[in-house]
Amino acid sequence: MSEPTPSVTEAKEAYLFLKQSYEASVIQRRLGLSGQSRHSLDHIVADAGRRVRLVNWAKTMVEMERRRR
């Protein structure tokens with residue numbers, strides 16, 4: 001059984017967490033959005049697939065940080 005799709009709030013928190021390490025353009029490109037223009041955070045998290053990728057990426061970053069300690 002798959003995990004439920006993350007909420008918009010969870011995805012926004014993941015995005016803000018990732019922005020501590022990456023520029024917005026890097027995050028947007030990794031999510032498959034055009035690097036040519038800026039996308040609003042609401043637009044970024046509107047898609048369920050992008051929410052899943054954002055939250056999973058943030059979880060991976062947290063896990064990597066824990067392993068370094």
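I take helices here as DSSP runs of H or I, at least four residues long, numbered from the N terminus. With that settled, I opened the model, which is a predicted one, and started reading.

**Entry 1: Arg51**

I went to Arg51 and found it in helix H4, which covers residues 48-68. What is the nearest side chain of opposite charge to Arg51? I looked, and it is Asp47, 7.2 Å away.

Next I asked which backbone oxygen the side chain of Arg51 reaches. My note says Ala46, at 3.3 Å. I also listed the contacts of Arg51, leaving aside neighbours within four places in sequence. They are Thr5, Pro6, Ser7, Val8, Ala11, Val45 and Ala46.

**Entry 2: the nonpolar core**

I moved on to the largest nonpolar core and wrote down 15 residues for it. Tyr15, Leu18, Ile27, Ile44 and Leu54 have the most contacts inside this core. Which helices each supply at least two of its residues? I found H1 (8-18), H2 (24-30), H3 (41-46) and H4. H4 gives the largest share of the core, 5 residues.

Not counting residues up to four places away in sequence, Leu54 touches Ala11, Ala14, Tyr15, Leu18, Ile27, Leu31, Ile44 and Val45.

**Entry 3: salt bridges**

How many salt bridges are there? I have 5 in my notebook. One of them joins the side chains of Lys12 and Asp42, at 2.8 Å from N to O. Lys12 sits in helix H1 and Asp42 in helix H3, so this pair ties together parts 30 residues apart in sequence. I checked the accessibility of both partners: Lys12 is partly exposed at 28%, while Asp42 is exposed at 52%.

Then I followed helix H4 towards its end. Arg66 and Glu63 meet in a salt bridge at 3.7 Å, N to O. These two are 3 residues apart in helix H4, which means about one helical turn separates them. Arg66 is exposed at 55% relative accessibility, and Glu63 is partly exposed at 33%.

Arg68 and Glu65 form another salt bridge, with their closest N and O atoms 3.1 Å apart. Here too I noted a spacing of 3 residues in helix H4, or about one helical turn. Arg68 comes out as exposed, at 61%, and Glu65 as partly exposed, at 34%.

Which residues are linked in a network of salt bridges? I wrote down Glu63, Arg66 and Arg67.

**Entry 4: the aromatic pair**

My last stop was the rings, where the count comes to 1 aromatic pair. Tyr22 and Trp57 have their ring centres 5.0 Å apart and their planes at 50°, so I logged the pair as tilted. Where do the partners lie? Tyr22 is in the loop between H1 and H2, and Trp57 is in helix H4, so to speak a link between distant parts of the chain, 35 residues apart.

Is Trp57 buried or exposed? I found Trp57 buried, at 7% relative accessibility. Tyr22 is partly exposed, at 27%.

Definitions and conventions. Residues numbered from 1 in each chain as written. Predicted model: local features only at pLDDT ≥ 70, side-chain atom pairs only at ≥ 80, totals over all residues. Heavy atoms only, no water. Buried < 20%, exposed > 50% of the residue type's maximum accessible area, 1.4 Å probe, protein only. Lys, Arg positive; Asp, Glu negative; His and termini not counted. Salt bridge = Lys/Arg side-chain N within 4 Å of Asp/Glu carboxyl O. Polar contact = N/O pair within 3.5 Å; in protein donor to acceptor, adjacent residues only side chain to side chain. Contact = heavy atoms within 4.5 Å. Core = buried A, V, L, I, M, F, W, Y, C linked by side-chain atoms within 4.5 Å. Phe/Tyr/Trp six-rings, centres within 6.5 Å; stacked < 30°, edge-to-face > 60°.
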